Amino acid sequence: MRLFQNANIPFVKIRRTAYVISVILILAGIAGLIINGLNWSIDFTGGMAATINLKPAKAGVPPLQIDKLRNLVTSNGFKDAEVQRYGEVEEAFFLIKVKGSQKEEVKEQLLDIIRDHLPEYVEGRDLENDVIIEINVVGQKAGAAMQSNAILAVLIALVLMVIYIWIRFEFTFGLMAIAALFHDVLIIVGIFALTGKEITIQIIAALLTIVGYSINDTIVIFDRIREDLKIYRKDPVPVVFNRSINRTLNRTIITAGTTLITSLSLYFFGGAVLHDFAFAISLGIIFGTYSSIFVASNLVIDTYQITHKEKKSIQHLTKKK
Amino acid sequence: MKKYPWLYLVLILIFVLGTLIFLSPLLMTQEKFPSWPIKQKLNLGLDLRGGVQIVLEVDTKDLKSDLSSAVDNNIEIIRNRIDQFGVAEPTIQKMDEKFIVVQLPGVKDPLSAEELVTRQAFLQFKLVADGEVTEKVINQTSENVQRNLNLFPALAKLEKEDQAMRDSLGLADSTRVEQGIFRSLIGTSQNDYVVKQTDIDLMKALLQDSNFQQLVPKDHQFAFESIGARTDQGKGPRTIYVVSRNAQLSGDLLDNARMEIGASTAQDPKIANKPYISLEFNRQGARLFERVTGDNVGKRLAIVVDDMVYSAPYIQDRIPEGKAIITGMFTRTEARSLAILLNNESLNAPLIPYSSTVVGASLGADSIRSGTMAGMIGIIVVIIFMLIYYKLSGLVADFVLIFNIGFILAALTAFGGTLTLPGIAGIILTIGMAVDANVLIFERIREELDAGKTPHTAVDAGYKRTIVTIWDANITTLIAAFVLWRFGTGPIRGFAVTLTIGIVGSMFCAIIFVRAIMEKVMLTGVKKTLSI
């Protein structure tokens, strides 16, 4: 059984169309970033996030309306609080988030509000262990440090990768591999900005996984190009590139498929905590695969054509080490 | 492969055995096989089992010593206090330069945990009651507790269980009932009173309980030996002391405490070549110390820090000049940490709460369930796909893939890693990626077969050509994992570690393990075809 038997898709020829699609996606992402900005989680801004359960113990009490809770919380000292519901209405899980600096007693303050204004929902239940499911308080300074650390981590990873590919291949290849990575990360961050999804520490981890995956994918193709350049010395470079992309297509699609299967199963069955993480990874696999096929190696060809350094670079690439 | 077959086989053997050994604790319970040598268990992260995480910043404002040793001092103190708090498996780690991350599984209230951790150390010298008095105090306490058993549900439960056991065995009376339930918790070992490992947490909870404290005869108190003063990391039974309730002398009178190593020529065998701690009191302390030691020659003086006994040396003689040494079965580290605790220096770097997180265990349980479910579904689909697409070779890849998952869990156990939720996600992703190396190789072998090569040469050529690619691709991913590990914290680090282990495992599996099976099992003799 084969997916693509002797595939010969003119990837190099249709590269301009691919560029247009990429540019549109990136511009949309940048527009999202400018208009909406990123929704950094309290891990990065400092603040408080509490998951509470207000399912009444007694029968006959109607499920709590989210508006009622929101009004209560915002009018009792948490002016900028965000209140969301988790899961089914009857289950009554709520997430309350307040960004910015918070005092230590925030949990007591929150419990006081609930005890005073919503007694029917917490009657006969243990406030500390049963009502408060999870609470996370982050100092503002800690958040800012996290934010710069996360950005630093991504940048350092990228620089180290350029250096590695530079050593193993050639500088243009390294640069374009990283350009493809920026393409992937920008699109995904843009989607997060457009949808208003939160950037949590987990999402940063997901972005770095995507970086790792996408570079992996790109390198497999680069490696084949390097090998084929040695074998087919008489063929024009774009033909060699196109042949290499086609020959690795089976592997590219199968690996993307198996990884996507696992990340989609995380997305659909992994529960609320892993939802956004799996969302980012799934997007990353799709765009990472796309950029490996359409963007990275094609950008190398265009750079060669513009700089006229094709011959020199290929000599460097194919010389025996 | 052809050149060093024995080397590869040895590697595979080590790999398989190592995995099985470290996976074994997951499969068998300690109670059933108490002599099994591998005791490590896979730690679950806070996000999976619930608990409190507190991040503390070391205040550097009035720092006198260097930062790194101040942070280390504080970690030592925190470890001791948390141990006293009775939390199972706490983790206390240094983060960046001046932060300390404390994770307390199962604890719910961050405020009281924070207070315990940030409070400053308190040193006291207390006289240890002699054997006769100790016996009397224990018995008296036990009688009092027995009368008020309703105040201590844990003890009452123990007694009930004991009674049930006694009934089922048909014994007339058990030791627990005979002596009183509290008395039965305390045994003797040589000259000391000890509490069994399994009862330590129960006893700690009792010592913290204000109801219990009122039942102890009023001039005395119970105090555990500190975990920091032990060589076995608190694995065995622990000594419990009965000491006077009032301190003879307290740490504010101490001028300086230092770890020193005795000269090899020293007369005293307790000092020669061994680490000990030298103490210097201030003038007022020196006078008091002289009087206390003079009045109590032959008795034991306990050095108590935060209600834990660090050591209880015998007073040999009246000690003038306000100088004293503490000897004991110290290692250098232990002596140093005790000196740190005694020294006022440790108080020069107060801790400021930085962030705190409470994770509900119920949320954790749900996450584990759905995470594992998602993982299973993903794995099964991938396995079926490989089987259909690559037939017998796919079966080999599947077999090795399942093995690879086992390897990740075993490696995490062996390195004392922690499994977090992003970590589980990392494992699941690794499964997707682990297939990649096999796909690369199999696709290449197919190409070579299409070009008309025999199975043997096709496998050889396929491996030769793809190994470079696999190295290049995985090293770049390892770079990302390394950066995550270096600059990340908490759960992100866990993710990086599982990702790294997964990459290493999958490379080994694809390059060596699968190849060995293909060459030694699938291609034996003069087979003309390869199921791929």
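Tutor: Two strands pair if DSSP finds at least two bridges between them. Helices (H or I, at least four residues) and strands (E, at least two) are DSSP runs, numbered from the N terminus. Residues are numbered from 1 along each chain as written, and chains are lettered from A in the order in which they are written. The model is predicted, and local features need pLDDT of at least 70.

Student: Which strand of chain B is joined to E5(A), and by how many bridges?

Tutor: The two strands run antiparallel. Within this pairing, A:Asn136 has B:Thr357 as its bridge partner. The strand of chain B comprises residues 351–359 and is E16, joined to E5(A) by 4 bridges.

Student: How many residues of chain A are in contact with chain B?

Tutor: Contact requires C-beta atoms, placed from the backbone, within 7 Å. On the side of chain B, 57 residues take part; on that of chain A, the number is 52.

Student: Which elements give two or more residues to that side of chain A?

Tutor: One strand listed is E5 (132–138). The helices are H6, H7 (140–168), H9 (201–231), H11 (249–269) and H12 (272–307) of chain A.

Student: Which element of chain A has the lowest mean pLDDT?

Tutor: pLDDT is the predictor's confidence in each residue, from 0 to 100. Chain A averages 85, and helix H1 (residues 15–35) of chain A has the highest mean among its elements, 94. The lowest mean, 71, belongs to residues 127–131 of chain A, helix H6.

Definitions and conventions
This is a predicted model: local features need pLDDT of at least 70, side-chain atom pairs count only at pLDDT 80 or more; totals for chains, interfaces and linings use all residues. Two residues are in contact if their C-beta atoms, placed from the backbone, lie within 7 Å.
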